[in-house]
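Have a look at the structure first, then read on.

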Amino acid sequence: MGTNMISLLNLAANKPNHFKKIIHSILWSLFILLFPAHHVFTQDLYFPPLTGNQWETVSPESLNWCAHEIPALFDYLNAEESKAFVVLKDGKIVIEKYFDQFSRDSLWYWASAGKTLTAFLCGMAQQDGILKISDPSSKYLGQAWTQCNPAQENAIRIWNQLSMTSGLDDGVPDNHCTQAPCLLYKADAGNRWAYHNAPYTLLRDVLESASGQNENSYTQSKLKSRTGMKGLWFTSGFDNVYLSDARSMARFGLLILNRGIWNQDTLLKNREYYEEMVKPSQTLNPAYGYLWWLNGQKSFKLPGLQIDFPGYLVPDAPKDMFAGIGKNGQILCVVPSENLIVMRMGESNGGDEVSILLIREMWTLLNKIRCNIPVRSTEINIKNREISAFPNPFQSQVSLKGIENGTEIWIYDFLGRLINKNIYFNNILLNDYKQGIYYIKIKGINYTIPVWKL
């Protein structure tokens, strides 16, 4: 193709102007075919400079948003012990708020939202040819990195670590433990989805073994230096945690929004890997890609549970949103259809591994600000019924809307253990229950509602 293009250029140089225009038109058409839309996608997005604090802003009013609703969101975020909240539209800052003496330069941990960084780095490593995600993990971790027999262990691949389908037992006393005695066989790799931190954490060792660099050096060369991100990985117990300022998380979200391209610099050239990363990676939990949580799927599973919950992970969020979600509400949301990034750092009253209630409430309030955007109802229509629980969160009693007294109800705790059944009324007194998340299963229509007790 290159030789043919040079020949066309040479031909055009010796022809009249009208013929040159025809040749140039042909060359431009070839350019469009050879360099598809994602190469010029950045024209729709603003990218802040790699150094300094310059970052263009756009006002909520210019987007026809209801700015008078912003204080209610800030009140909620403050009550949830938030540290930072940033919203980008087309790459520009629409909302940026810091709480509790936290500042633009303050550092905070990403918790499991940092899993998304690892997923991206694995894609770059595969692109560079230093690993394949279809490789057995033992190729990089060595033999006997688990307590499985050789056949069971060799069946675990990097893909299984990325998709949370290693088959290792997440019910061990410490499922963050990365030592072999903690890594026990539960199911064949690929046959069971479970939110298991240890196999994920060992991707650090995979990357370091494949690259010959420690994770901070690899992240610096492949990601940080090319996007202006700040931050570093540090070890906390068995966990590998990323620490950065809020804008660095927003920068990473912008990179992902633009499909791995920062301005004109294409970091992730492997389009196939990108698509796999932010689409259902398996059928066991369609709301999970490669370490990213996915909205808009027909059901989802949560950490510690083997229950399929019907409906969207975040009903009020756009259908195409995907997110990194970490303990205590470290949240990075990417919405391709709207060129939107939403990130939040801080503590949380819930303390969940995946802060579902926080991200749901955050989007409910954010939609009141984005008042010109059509949103889905937070209630899910099941067999022509509108079913919901309120108040949610609750303190002592929760009521169910959309079902009648006499409907059989069962209640499960966060670990999926049945703790109460054969309830036949829709006002449920739960003041003796401990603080935490519970699941109300409505028999007959096989529908489950998560509720939170304060």
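Over the ring of which residue does the charged end of lysine 97 sit? The ring is that of phenylalanine 99, and the charged end of lysine 97 is 5.8 Å from its centre. Such a charge counts as over a ring if NZ of Lys or CZ of Arg is within 6 Å of the ring centre and within 35 degrees of the ring normal. Arginine 271 does likewise with tyrosine 274, as the table shows.

| Charged residue | Ring | Distance to ring centre |
|---|---|---|
| Lysine 97 | Phenylalanine 99 | 5.8 Å |
| Arginine 271 | Tyrosine 274 | 5.9 Å |

A word on the source: this is a predicted model, where local features need pLDDT of at least 70 and side-chain atom pairs count only at pLDDT 80 or more, while totals for chains, interfaces and linings use all residues. Residues are numbered from 1 along each chain as its sequence is written, and side-chain values use heavy atoms, with hydrogens and water left out.

Now for the rings. The whole structure has 20 aromatic pairs (Phe, Tyr or Trp rings, the last by its six-membered ring, with centres within 6.5 Å; planes under 30 degrees apart are stacked, over 60 edge-to-face, the rest tilted). Take tryptophan 110 and tyrosine 242: their ring centres are 5.2 Å apart and their planes at 80 degrees, so this pair is edge-to-face. The two residues are 132 apart in the chain, with tryptophan 110 in the loop between strand E3 and helix H4 and tyrosine 242 in strand E5 (helices are DSSP runs of H or I, at least four residues, and strands runs of E, at least two, numbered from the N terminus). Both are buried, meaning under 20% relative accessible area with a 1.4 Å probe, protein chains only.

Ring pairs also tie Trp110 and Tyr242 into a cluster with Phe120, Trp233, Phe252, Trp292 and Phe322. One member, phenylalanine 252, lies in helix H11 (residues 246-257) and is buried, at 0% relative accessible area. Leaving aside residues up to four places away in sequence, phenylalanine 252 touches several others, including Trp110, Phe120, Leu223 and Trp292 (contact means heavy atoms within 4.5 Å).

Zooming out, the protein has 13 helices and 21 strands, and buried residues make up 55% of its 454 residues. Of the contacts between residues at least 6 apart in sequence, 60% join residues at least 24 apart.

Notes: Buried means under 20% relative accessible area, exposed over 50%, partly exposed in between (1.4 Å probe, protein chains only).
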